[in-house]
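The following note sets out numbered remarks for a colleague who is reviewing the model. Please read each point alongside the coordinates.

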Amino acid sequence: MKYELEQLMKKNMDIRKKPSEELNQRILDNSREVYHMDRKKKCFRYLPRVAAAALAVVVATGGIALAAENLWNRDVAEEFGVAGDREAMESLKEQGFAQIPQDDVRQDGIASVTDKGIKVTVLQTLADERCAYVYYEVDYGDKYHIKDKEVTEISDTGVPMPTFPFFKSESDQKEIDLDYSGGVSKIKDDHTVTYESFISLSDMDKKDTLSGKTIKMNIREFIVDREKCDPKPEVIAKDGNWNLSWEMSAGAAKRVYHLNREVSIGKYHFTVRDVEITPLSCNLTYEGPEGRSLSEYAGIIKETGDDEVETDEKGNMKVRRYLYTGGMEHEDEIMEGLPKNETLFLLDGVSIFRKDGEFNGMGGMSSVTENSIFDQFDRVLDVENVTGIRVAGRYISLDGCTYETVEAK
């Protein structure tokens with residue numbers, strides 16, 4: 001397969017070796033076509049920026065170098081919104097949030113394993129003390145080739161899937177199951193697929209942490225659904241040794257706001273105590289009446305269309321009515337009799353606001369208990385840029401709020 005120059009460079013970007021012969025030749029061929037060497041000035045005046053940069057790297061180092069080499073996988077950087085921001089990538093790596101396990105395997109860690117012709121490699125992790133994002137690649141080699149070229153990551157029909165990437169954490173000499181979710185991230189070619197998993201400690205003892213723990217990842221088999229929710233999927237391989245383990249690097253830096261703000265839901269009153277925010281997650285603690293959780297409540301709100309919720313100028317949701325989902329009389333009648341363009345929503349979520357508007361990165365693992373709400377991000381949050389939060393439909397400004405900063409270890 002022949003690649004366009006820019007595609008070929010991207011394919012080599014994550015490789016810290018000498019570039020392929022094809023890439024070398026394509027760079028040189030491209031150079032000859034587009035510039036003329038002035039015998040006196042001897043400059044590459046007309047060489048395109050892509051080819052010039054690539055040629056300069058090849059000449060200087062004999063290899064292709066990613067701008068933030070050894071820091072981030074390119075796909076993860078793009079997905080989490082920091083591609084091109086070398087300062088952010090370097091900072092997150094230095095603070096322990098970003099990790100390339102293959103470059104940082106400690107003790108007897110295994111970040112890549114091959115068995116029965118299938119190779120599994122952990123490409124990058126992002127983690128704080130309570131949650132992590134794991135980005136990994138599976139090369140199926142000759143064991144499976146994606147036949148439908150129109151298949152996408154949105155539909156898993158025809159895409160090989162690991163079943164399932166169970167995650168465990170070693171804590172105090174015992175293994176603890178981690179909460180996780182995920183799926184296909186990118187189809188790289190007809191036999192190589194990248195996957196993502198969000199894992200979390202949110203339902204465990206708050207004193208526990210992912211930092212410095214050995215993460216164990218186990219895949220039992222690989223299957224392919226020939227149709228949606230196939231009851232008898234095709235088995236590519238099973239009962240193999242696809243067991244990986246590595247010591248997790250998890251950033252400890254966070255900002256803790258001490259709020260003690262009251263939020264009313266109908267006749268009930270909750271006190272928002274603290275909110276901890278890291279670049280990858282937030283955790284809010286609260287107290288409520290009779291040990292009730294915010295997840296028990298729903299509000300009737302008006303939508304403005306395109307799934308947008310109507311809010312006032314401060315960011316408060318325009319909640320028209322609250323109801324207790326645990327046993328209010330005639331609850332079904334209320335739901336069925338909702339006016340047009342009005343709907344119910346649960347009050348168990350937290351929204352974060354930045355100087356440039358509402359943060360849209362709340363997409364990882366989450367949980368609600370009697371005294372806390374935890375949310376994991378699927379984009380990096382600049383903690384310094386946070387201006388407020390919204391909980392139970394009410395906006396709380398963080399300007400002027402007392403907070404403490406926990407620095408990276």
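1. The lining of the largest cavity divides into six nonpolar residues, one polar residue and no charged residue. In this count Ala, Val, Leu, Ile, Met, Phe, Trp, Tyr, Cys and Pro are nonpolar, Asp, Glu, Lys and Arg are charged, and the others, Gly among them, are polar. The residues concerned are F80, L126, C131, Y133, L280, Q376 and F377.

2. This is a predicted model, in which local features need pLDDT of at least 70 and side-chain atom pairs count only at pLDDT 80 or more, whereas totals for chains, interfaces and linings use all residues. Residues are numbered from 1 along each chain as its sequence is written, and side-chain values use heavy atoms, with hydrogens and water left out.

3. The volume of the largest cavity is about 30 Å³, and the structure holds one cavity of 30 Å³ or more. On a 1 Å grid over the protein atoms alone, a cavity is a set of points where a 1.4 Å probe fits but cannot get out; a pocket is an open set with protein on both sides within 12 Å along at least five of seven lines; lining residues have an atom within 4 Å of a point. Grid points are joined across faces, edges and corners, and a volume is the space filled by probe spheres set on the points.

4. At least two lining residues come from each of α5 (86-94), β11 and β24, with α5 giving the most, namely three. Helices (H or I, at least four residues) and strands (E, at least two) are DSSP runs, numbered from the N terminus.

5. Six strands form an open sheet in the order β20-β21-β13-β12-β11-β24, with antiparallel pairing. Its edge strands, β20 (366-368) and β24 (402-406), each pair on one side only. Two strands pair if DSSP finds at least two bridges between them. Strand β11 (residues 254-265) pairs with β24 over five bridges in the antiparallel sense, and Y257 stands opposite Y403 in β24.

6. Overall, the protein chain contains six helices and 24 strands. Of its 409 residues, 45% are buried, that is, under 20% relative accessible area (1.4 Å probe, protein chains only).

Note on methods: Buried < 20%, exposed > 50% of the residue type's maximum accessible area, 1.4 Å probe, protein only.
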